[in-house]
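The following note concerns the aromatic side chains of the model under review. Please read the points alongside the sequence and coordinates shown here.

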Amino acid sequence: MSKRIPNYALYGQAALPVWQDLLHLEWINERGDMHQREIKPHQHDSLLQIVYVRSGEGEVSLENSRMGFHAPCLILLPQRTVHAFRYSPETDGPVITAAQRPLESMARILSSDLLALMQRPAVVPLPWDADGEEPIWPLIQLIQTEAHGQERGNVAAGHALLLALLVHVVRLEQPVPSGRPANGRRSQLLIQFRELVDTHFRQHWPLGLYAEALGITPATLGRATREGLGESPTAIISERVVREAQRQLAYTALDIQQIARDLGFDDAAYFSRFFRKQTGLKPSEFRSAFRNAETNQPNSQHAQAEAEALWRY
């Protein structure tokens, strides 16, 4: 097991700078066969991946859950999602990789549903046969042409096509009833707050500093998160710290003191108390339980339930 969660551009290749533009398409068997159809836990710091499984089946780990998948389905992997795969020899389909930041910029203007979709990992079953007549297939063929081409503006064209593909996915989801219309201004504020938390949670910014960076008061920030997310801003910050701690405990060989230091805690004992208060487990207990669940049979419902129960966030 590696000391840190690997961060790649494409699996096995060094990560690109966060500002690097990218559009790439390859098929599962192109890279998977090189790794005996097992992709070990890793993340992509600034990239969104969409896997269209057209044949076969397997198992995917997405942050805090492990689940089986069967063709046809789409697997959505937003940036910084720790993920891993195991799949059968007949599994194949295109894997689209694109820079997430420009896609999110366009989605903010076009649709809050679209933006929400590309910010959460998911396995989406598809209600059609993968026979070349499925509604998203022409879009994927066009994306492949742009990804492999050298024409001027090919990345921009590919991103536009990718947004159209994601719109099809949004249409598959059932609408969530709401008692009142969405507050666009508040939604934008919450997106900015989460981005700040992602950037600064290791520095343990006080709540006032987050509010100052957003140009609002702490009280306004607290009201926005409680109304929009059902939680206080402090709870959201703590959840982000715990989620990163869980990822490192599960997927790296760093010891508790190293993880505590990486997360901005000067005292490993204080970090352990914080982690136990949030999750009900000591860091060592969480790691041991997760490893035990990992060694069980992947198709065991008991093993899957045990692993999922470990993750609070």
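This is a predicted model: local features need pLDDT of at least 70, side-chain atom pairs count only at pLDDT 80 or more; totals for chains, interfaces and linings use all residues.

**Aromatic contacts in the model**

1. Arginine 54 places its charged end over the ring of tryptophan 137, at 3.9 Å from the ring centre.

2. Pairs between aromatic rings form the next topic. A pair of this kind is described by the distance of the ring centres and the angle of the planes. With centres required to lie within 6.5 Å, the count comes to 9 aromatic pairs.

3. One of these pairs joins phenylalanine 193 and tyrosine 210: the ring centres are 5.6 Å apart and the planes stand at 80 degrees, so the arrangement is edge-to-face, the cut-off for that class being over 60 degrees. Because phenylalanine 193 belongs to helix 6 (residues 184–200) and tyrosine 210 to helix 7 (residues 207–214), the pair ties together parts that are 17 residues apart in sequence. Phenylalanine 193 has a relative accessible area of 0% and is buried. Tyrosine 210 likewise counts as buried, at 0% relative accessibility.

4. A further edge-to-face pair is made by phenylalanine 275 and phenylalanine 286, with 5.8 Å from centre to centre and 75 degrees between the planes. Here phenylalanine 275 lies in helix 11 (residues 268–279) and phenylalanine 286 in helix 12 (residues 283–295), so that the pair links distant parts of the chain, 11 residues apart. Phenylalanine 275 and phenylalanine 286 are both buried.

5. Phe275 and Phe286 also belong to a cluster linked by ring pairs, together with Phe265, Tyr270, Phe271 and Phe274.

Definitions and conventions
Residues are numbered from 1 along each chain as its sequence is written. Side-chain values use heavy atoms; hydrogens and water are left out. Rings of Phe, Tyr and Trp (its six-membered ring) pair if their centres lie within 6.5 Å; planes under 30 degrees apart count as stacked, over 60 as edge-to-face and the rest as tilted. Helices (H or I, at least four residues) and strands (E, at least two) are DSSP runs, numbered from the N terminus. Buried means under 20% relative accessible area, exposed over 50%, partly exposed in between (1.4 Å probe, protein chains only). A charge sits over a ring if NZ of Lys or CZ of Arg is within 6 Å of the ring centre and within 35 degrees of the ring normal.
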